[in-house]
Amino acid sequence: MKILLTGGLGYIGSHTAVEVINAGHETIIIDNLSNSKIEVLEKIEKITKKRPKFYQEDVCDINALTKVFKENPDIFAVIHFAGFKAVGESCKEPLKYYKNNLISTLNLLEVMEKFNCKNFIFSSSATVYAVSEIMPLEEDFPLGASNPYGRTKLFNEEILEDYQNAHPDFNIVLLRYFNPIGAHESGLLGEDPNGIPNNLMPYICKVATGELDHLNIFGKDYNTKDGTGVRDYIHIVDLAKGHIKALEKMLEENVGLKIYNLGTGTGYSVLDIVNTFNKVNGNLVKYEFVARRPGDIAMCYASPSKAEKELGFKTTKTLEDMCRSSYLYQKNNKK
Ligand code: NAD
Ligand code: UD1
């Protein structure tokens, strides 16, 4: 089958492209390189021995999108990764986020309808869940985002639900990712944020290579087992494979609209991550405790049961795998 990946040269898209190719599908990528590099295409080819068809285009440009569908009229499904994802930036530049993250989806739906392409997988996020005292988070828990980025995900979910209600033969899978970390075992693909990272694992990796001095741990007085924040970290390759499970389901049946968490179901604290990283990679990461980061919550982890039951999705990688592969990629790509 022909599968179109928007944002397919980004962190999650590139790992998913590898899995889509390995599953025997023909892969087409659209990416405007706003947060990725063209070299990723060569790396996908190096790993899979197949070169995806690539369009350097903006998904917000409906003419460009129409051209892609005209040249590839038999696309079976679209996996829509393209979007901006930095929470802090979204608070400073909300319009940039609303434009890119919403218009891209609207354009895709419009063009897919024109070309009779009826299967859509969307990159949603755990950030759409309202703050909850109860863990693990299940798909039918209350929703409520607390920043513009999160709201773009929530609005996208609602737009897609409205669209599916009006088009019952259109199939949508909303995948709510928890915290993807780690890298491809080849060391060729991984996460490579510009500037000083905001997220935990990219920051730890830069401390380990000596690019940053030490990790600041945000808060040690949360109501968690060791006082530091707890999250559901999922290996990027496991996460990528979740998309294949969703595709397989769409190949088997009309799914209508389905929502799945992609997480492991296990919460690890910041100290668990640092200690495991230091255990598998050598004692490289020093840390200090500082004040809580505004907006952070104590705990967030998924119930993976629905994805396991309905998609047969089960993660296989360990926290050690996540820490080892993240560092391998960082060493290979040290600037
Ligand atoms: P990323 O920034 O690495 O990848 C996004 C890709 O989309 C980049 O290659 C970028 O160049 C491209 N892009 C952005 N806007 C575009 C446009 N208008 N047209 C064409 N290409 C465009 O991000 P990622 O971590 O791979 O995330 C992928 C998706 O998953 C995003 O929608 C993100 O919001 C979502 N998500 C990510 C996380 C995470 O922790 N990484 C968690 C939950 C959800
Ligand atoms: C981030 C995103 C969120 C997204 C989620 C999953 C932000 C503000 N939020 O949240 O929108 O849905 O990833 O991808 O970017 N930590 C430190 N020191 C650091 C960095 C982080 O102690 O330098 C701690 C945090 O307080 C938190 C944990 O590490 O307890 C994980 O942080 P992070 O990687 O930023 O992920 P989330 O906070 O879950």
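Student: Which charged end sits over the ring of F84, and how far is it from the ring centre?

Tutor: Please note that this is a predicted model. The residue is K96, whose charged end sits over the ring of F84 at 5.0 Å from its centre. A second case involves R292: its charged end sits over the ring of Y222, 4.0 Å from the centre.

Student: How many aromatic pairs does the structure hold?

Tutor: A pair of aromatic rings is described by two values, the distance of the centres and the angle of the planes. The structure holds 7 such aromatic pairs. One of them joins F69 and F115, with 5.7 Å from centre to centre and 35 degrees between the planes, and this pair is tilted.

Student: Why does the pair of F69 and F115 tie together parts that are apart in sequence?

Tutor: F69 belongs to helix α3 (residues 62-71), whereas F115 lies in the loop between α5 (94-114) and β5 (119-125), so the pair links parts that are 46 residues apart in sequence. Both F69 and F115 are buried.

Student: Where do Y129 and F178 lie, and how are their rings arranged?

Tutor: Their ring centres are 6.4 Å apart and the planes are at 35 degrees, so this pair is tilted. Y129 is in the loop between β5 and α6 (148-166), and F178 is in the loop between β6 (171-177) and β7 (179-181); the pair therefore ties together parts 49 residues apart in sequence.

Student: Are Y129 and F178 buried or exposed?

Tutor: Buried means under 20% relative accessible area. Y129 has 6% relative accessibility and therefore counts as buried. F178, at 5% relative accessibility, counts as buried too.

Notes:
Residues are numbered from 1 along each chain as its sequence is written. Chains are lettered from A and ligands numbered from 1 in the order in which they are written. This is a predicted model: local features need pLDDT of at least 70, side-chain atom pairs count only at pLDDT 80 or more; totals for chains, interfaces and linings use all residues. Side-chain values use heavy atoms; hydrogens and water are left out. Rings of Phe, Tyr and Trp (its six-membered ring) pair if their centres lie within 6.5 Å; planes under 30 degrees apart count as stacked, over 60 as edge-to-face and the rest as tilted. Helices (H or I, at least four residues) and strands (E, at least two) are DSSP runs, numbered from the N terminus. Buried means under 20% relative accessible area, exposed over 50%, partly exposed in between (1.4 Å probe, protein chains only). A charge sits over a ring if NZ of Lys or CZ of Arg is within 6 Å of the ring centre and within 35 degrees of the ring normal.
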